[in-house]
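Good morning. I will go through one model today, part by part, and define each term when I get to it. Please have a look at it first.

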Amino acid sequence: MPENHYANRPPRTPPPLNEANADLDIDREVRLHLYRRLQELRQVGDRLHRLFLENLVRGTSHLSLGMEAVSAGFGAAMRDDDYSLASYRGHAHTLSRGASMEGVIAELLGRDNGLMRGKGGSMHLVDVNNGMLGSYGIVGSHLPIANGAAWSAQLRGSDQVTVCFFGDGGTNIGAFHEALNLAAVWKLPVVFVCENNLYMEYTPIDLVTAVEHPAASRAPSYGLEEIVIDGNDVDEVYTCAQRVIERARAGEGPSLVEAITYRLGGHSRADTAKYRPEAEVEAWQGHDAIELYHRRLLSLGVDEAELTAVATDIAAQVDAATDAAKAGPRPPLEEVYTQVFADGGSSWRN
Amino acid sequence: MAELTYRSAVAHGIAQEMRRDPSLVMLGQDVGPAGGVFKTTLGLWDEFGRDRVRDTPISEQAILGAAMGAAMTGVPVVAEIMFSDFLPVCFDMLSNEIAKTRYMSNGQLAVPLVVRCANGSGVRFGAQHSQSLENWCMMVPGLKVVAPSTPIDMVGLMAAAIRDPDPVVLFEHKSLMATKGDVPDGEVLDTLGTARTVRPGTDVTIAALALMVPRALEAAEILAQEGISAEVIDVRSLVPLDMASILESVRRTSRLVTVEENPRLCGWGAEVASIVAHEGFWDLDGPVLRITTPHVPLPAADVLEDEAVPSVDRIVDTIRTSWG
């Protein structure tokens, strides 16, 4: 391996755990909900990974393994009628709004019981009934769309808030800058959440970005506060989410949050992630969102047995959802021709 | 009944719909107090106010993104992209997001919006402000495409586009802005996907769109004096495409000529010609002729632009020569 290979760079280690976050004013019930959600996102992610290895998931897929605390924390802070938009790495964001595990798994398996009956696939999960307005495959494209959902809420006076998740790679796209400017000018009730996992696909984000924090350092350019949080500490994410969502709901305008996190796996199914220093991967494994939270809850007096019961319960749910997804039929071939237009079909001529 | 210019018919149609549906909003660059660079939105800001008529920065992706997000959460939108030439700047939003979201979400999301833009040649603006891009949009599954040629069609098709539950791209031709026509009082509502026979004839069918319609009509008048009876069809809508009207006309005339302002390759007439060659083959007495702008970027100088874009003379000559 050449000297200048990315894997030989000095490791970028996680931020030190902020032990004081244990003292944040979060109800025990909320914390247990957060733990349950983290378990769900991790176990579904692990299951999807296994289904790839069994070659049951065709096409590509982008997992959020290691990054679950961001969507879990924000999901818990959102109101049921708030809107979410995510990038193509959107499984966790969809589940964290309450989408069914079976619907998500079946969509990746290309089954008729998938959330979109197999027409969207891994990169395009949508669950409108749960406020999930979509996962978007073109990097950065959904930030301007999130503005539109927020504008609509503003016009309708509904006080709904839109939360838009994207990766560090999205911050060097023109749409990111167009969206932030318009959101600030129109004072839209939108929260932009950058999940900075340090790598833009296979390239370290710091090598291709002019500023230290790809999202937060740009915030002052749009008159916004520079917010950087530990994206692996779900208490810190949840508390920040509550603050910026409340701010948006109160009509005080948009926020841009940069949550520092790390992928435990590769960018996508095909990626073995050999471009990362081993010491870096190990350091982040020691800063794992679920393990951190497990330890914190124990330190706060929650019984190990209670946490084990949550994990076991989720495991049973994931098994059941997998079985149900696998049992679903393939979509009928007529589905190719439906829902191009609002009449339900694809006819473009008479 | 009032005589309106094509230009004022744009605002007339939008205003009719904004009065009918209080949730309808519009946005774009300079659409507010300025009334648009082509003055097509004049008066809307005064009547409907800043909340419903929004000026935006020059941010085409932000404009169409905002339109899409609002449309899919219950607020219908008319978005202006000033020149169709700027659609490529936001073609991701149009072709990947707006067009495909209904399909990818299996109908969970709908995107009822209209994207309007000034299109076409005649103002000598050169290759980046004079293009005819209707065929680009026609090629994207999920988009509807209309291009009115008269004030009354502008009002009626604008209303139809706004009420349509699918995304519609509406092309306003720059060289037709000053043309005039009668528009009835009261609500005017047309139907997407319907062509119109604007001159009956028996010898040849000329299918034309937007600025090419008045040129085809003028050509038909000249040909009539030479004993050739041309039927002129204003195609009006590329998606949905009213092939039934064209095929019915060809059954009677046995000849078809398309007049297209788009560059040659993959112009809308190529699709029409291929359908007629398949489904109307036994009705034809001669080859289908396509009159188009050649496959070049549009030049700026008046004589060069006039040479490139189909003219009345070129239409007449092409048809006359084919009569042999």
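Domain 1 and domain 2 of chain B bury about 2,100 Å² between them, and carbon and sulfur atoms give 58% of that. Buried area here is the accessible area, taken with a 1.4 Å probe, that two parts lose on being put together, summed over both. Before I go on: this is a predicted model, where local features need pLDDT of at least 70 and side-chain atom pairs count only at pLDDT 80 or more, while totals for chains, interfaces and linings use all residues. Residues are numbered from 1 along each chain as its sequence is written, chains are lettered from A and ligands numbered from 1 in the order in which they are written, and side-chain values use heavy atoms, with hydrogens and water left out.

Where are the two domains of chain B? Domain 1 covers 2-183 and domain 2 covers 196-319; the bounds come from an automatic or database domain assignment. Their C-alpha centres lie 26 Å apart. In contact, meaning heavy atoms within 4.5 Å, are 25 residues of domain 1 and 29 residues of domain 2.

How many salt bridges are counted between these domains? There are four, a salt bridge being a side-chain nitrogen of Lys or Arg within 4 Å of a carboxyl oxygen of Asp or Glu. B:Asp153 and B:Arg236 meet in a salt bridge through their side chains, at 3.1 Å from N to O.

On the domain 1 side, the elements that give two or more residues are α6 (134-138), β6 (144-146) and α7 (151-163) of chain B. Helices (H or I, at least four residues) and strands (E, at least two) are DSSP runs, numbered from the N terminus. That side of domain 1 has eleven nonpolar, ten polar and four charged residues. For these classes, Ala, Val, Leu, Ile, Met, Phe, Trp, Tyr, Cys and Pro count as nonpolar, Asp, Glu, Lys and Arg as charged, and the others, Gly among them, as polar.

Next, the interface of the chains. Chain A and chain B bury about 3,700 Å² between them, 63% of it on carbon and sulfur atoms. Chain A puts 39 residues into the contact and chain B puts in 50. The rule finds one salt bridge across this interface: the side chains of A:Arg349 and B:Glu279 meet at 2.7 Å, N to O. It also finds 21 residue pairs in polar contact there, with both residues at pLDDT 80 or more. On chain A, β2 (132-136), α5 (142-156) and α6 (174-185) each give two or more residues to the side that touches chain B. The largest share, nine residues, comes from α5(A).

Two backbone details to finish. The peptide bond from B:Val239 to B:Pro240 is cis, with omega near -5°, and B:Pro240 lies in the loop between β12 (237-239) and α9 (243-253) of chain B. In chain A, A:Leu198 has phi near 75°, a positive value in a residue other than glycine.

Methods. Polar contact = N/O pair within 3.5 Å; in protein donor to acceptor, adjacent residues only side chain to side chain.
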